[in-house]
Amino acid sequence: MSIASPASLLSKHRLEALSDGIFAVAMTLLVIELKVPNHGIASSQALATAVLEQLPTFVAWAISFFVLAIFWTTQSRLFHFVGRVNEPMTWLMIAYLGLVSLMPFSSALAGEYAGVSFAQIVYSAHMILLATFSLLLVRYLCRHPELWATELPPRLYHGARFRTLSLMAVAVIAIAINAAAPGFGSTAFILMFPLTRIGRRLERG
């Protein structure tokens with residue numbers, strides 16, 4: 001087992017605070033793309049039509065918020081076992097949080113241009129990158145027990161790996177669906193609801 005020098009070890013609480021702040025801001029900014037229809041609308045039918053026109057944006061918001069919630073809860077459970085962090089883990093976490101902060105942009109792109117394949121590719125690629133860095137973070141921690149506060153059970157890694165690999169697969173499926181039925185690619189992410197439940201069961205053993 002490698003032992004990190006005291007100078008290379010950092011308090012986990014600073015990193016947790018940064019992470020919570022970025023997740024909170026990103027999840028809040030997602031809703032900005034949902035606009036109240038213009039005040040010139042005078043009838044219920046016209047208002048309903050204007051609201052329904054934002055359905056792709058609403059779907060992108062709901063999916064993005066849910067996915068970020070999955071990553072945040074996974075990270076929160078993971079940090080329960082962390083006693084300290086070192087510099088490599090810190091920079092890995094910062095790269096991961098950079099991808100989290102980009103979610104409002106890719107979500108807005110997917111909502112505004114739901115029928116355009118490139119928008120779905122960008123959104124799905126972002127999901128894959130986010131899942132990749134999340135998995136790298138969990139894997140790094142599992143391989144460095146000197147950073148643990150208490151023993152990290154293998155089942156936690158298995159559950160996180162299942163969820164992240166599932167998200168990558170669903171992101172690829174979303175691109176294929178959007179190519180066949182423009183505007184419907186993001187519906188593939190609904191699969192994350194049952195897949196997340198399976199991942200939780202794996203964590204519980």
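Me: Which residues touch the most other members of the largest nonpolar core?
Reply: This is a predicted model, in which local features need pLDDT of at least 70, side-chain atom pairs count only at pLDDT 80 or more, and totals for chains, interfaces and linings use all residues. Residues are numbered from 1 along each chain as its sequence is written, and side-chain values use heavy atoms, with hydrogens and water left out. A nonpolar core joins buried (under 20% relative accessible area, 1.4 Å probe, protein chains only) Ala, Val, Leu, Ile, Met, Phe, Trp, Tyr and Cys residues through side-chain atoms within 4.5 Å. Of its 46 residues, those with the most such partners are Leu 68, Met 89, Tyr 96, Met 127 and Phe 189.

Me: Which helix gives the most to this core?
Reply: Helices are DSSP runs (H or I, at least four residues), numbered from the N terminus. H1 (12-29), H3 (55-79), H4 (87-101), H5 (103-112), H6 (117-142) and H7 (154-180) each supply at least two core residues. The top contribution, 9 residues, comes from H6.

Me: Which residues does Met 89 touch, leaving out those up to four places away in sequence?
Reply: Contact means heavy atoms within 4.5 Å. With those sequence neighbours excluded, the partners of Met 89 are Phe 79, Val 82, Leu 137, Tyr 140, Leu 141 and Leu 147.

Me: Which residues line the second largest cavity?
Reply: A cavity is a set of 1 Å grid points where a 1.4 Å probe fits but cannot get out, and lining residues have an atom within 4 Å of a point. H3 gives the most to this lining, with 4 residues. The lining consists of Phe 71, Thr 74, Gln 75, Leu 78, Tyr 96, Ser 134, Leu 137 and Val 138.

How values were computed
Buried < 20%, exposed > 50% of the residue type's maximum accessible area, 1.4 Å probe, protein only. 1 Å grid on protein atoms, 1.4 Å probe; cavity = no way out; pocket = protein on both sides within 12 Å on 5 of 7 lines; lining within 4 Å.
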